[in-house]
Amino acid sequence: MEHEEAGRTMLEVHELATEGAPTDRLPLSWELRRKSRLKTTTEGGESVGLFLPRGTILFEGDLVRATDGRILQIVAAPEDVSTISSPDAVLLARVAYHLGNRHVRTQVGPGFIRYRHDRAIDELVRKLGAEVVVEDVPFEPERGTKDHAHDHDLAS
């Protein structure tokens, strides 16, 4: 099923796909990947309406199927994030501990921790002795145990 919107046809997506070759990519920020109802645009410029089951969280590389059978690949779009890089594993562990206590979604990689930019959290991290760099890059947080159905992300 497709939707007419102001003279343009809007592609509708109602389900995740487990396989298939994507025909287009759908760039979404972390905030938008947590929404189950959304109007957006593919990289190719096509209007898309997401109507996914409530509580669906999309991650980089996930596939969704449009009602006409086309497959779209989810892409983590660049957004403002704060990144802490350090060769000091104890410092990174301390930062991760304090971020976890505040239920801040984090992306963990080799020698870095990243979270959605927040000045108050940046200040806390600096007080812990870490340097914070604000960047515009894709944010792909760690999958939590509750990500299969719903999310208890209180901080973002």
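Modeller: Let us begin with pairing: two strands pair if DSSP finds at least two bridges between them, and the strands themselves (E, at least two residues), like the helices (H or I, at least four residues), are DSSP runs numbered from the N terminus. Ser82 stands opposite Val134 in E11. This is a predicted model, in which local features need pLDDT of at least 70 and side-chain atom pairs count only at pLDDT 80 or more, while totals for chains, interfaces and linings use all residues. Residues are numbered from 1 along each chain as its sequence is written, and side-chain values use heavy atoms, with hydrogens and water left out.

Biologist: How do you know that strand E8 and strand E11 pair?

Modeller: Strand E8 (residues 78–85) is joined to strand E11 (residues 133–138) by 6 bridges, and because at least two are required, the two strands count as paired; they run antiparallel. E8 also pairs in the antiparallel sense with strand E10 (residues 112–116), over 5 bridges, and there the bridge partner of Ser85 is Phe112. In the whole protein there are 3 helices and 11 strands.

Biologist: Why is Trp30 called buried?

Modeller: Buried means under 20% relative accessible area, exposed means over 50%, and partly exposed lies in between, with a 1.4 Å probe and protein chains only; Trp30 has a relative accessible area of 0%, so the residue is buried. Phe59 counts as buried at 1%, and Phe139 does so at 0%. Buried residues make up 40% of the 156 residues in the protein.

Biologist: What makes the pair of Trp30 and Phe59 tilted?

Modeller: Rings of Phe, Tyr and Trp (its six-membered ring) pair if their centres lie within 6.5 Å, and planes under 30 degrees apart count as stacked, over 60 as edge-to-face and the rest as tilted. The rings of Trp30 and Phe59 are 5.6 Å apart, centre to centre, with 50° between the planes, and the pair is tilted. Trp30 lies in helix H1 (residues 30–33) and Phe59 in the loop between E5 and E6, so the pair ties together parts that are 29 residues apart in sequence.

Biologist: Why is the pair of Trp30 and Phe139 edge-to-face?

Modeller: Their ring centres are 6.3 Å apart and their planes stand at 85°, so the pair is edge-to-face. This pair links Trp30 in helix H1 to Phe139 in the segment after E11, 109 residues apart.

Biologist: What makes Asp68 partly exposed?

Modeller: Asp68 has a relative accessible area of 38%, so the residue is partly exposed. Asp68 is found in the loop between E6 and strand E7 (71–76), and its side chain is joined to that of Arg70 by a polar contact of 2.7 Å. A polar contact is a pair of N or O atoms within 3.5 Å; within protein, one must be able to donate a hydrogen and the other to accept it, and residues adjacent in sequence count only if both atoms are side-chain atoms.
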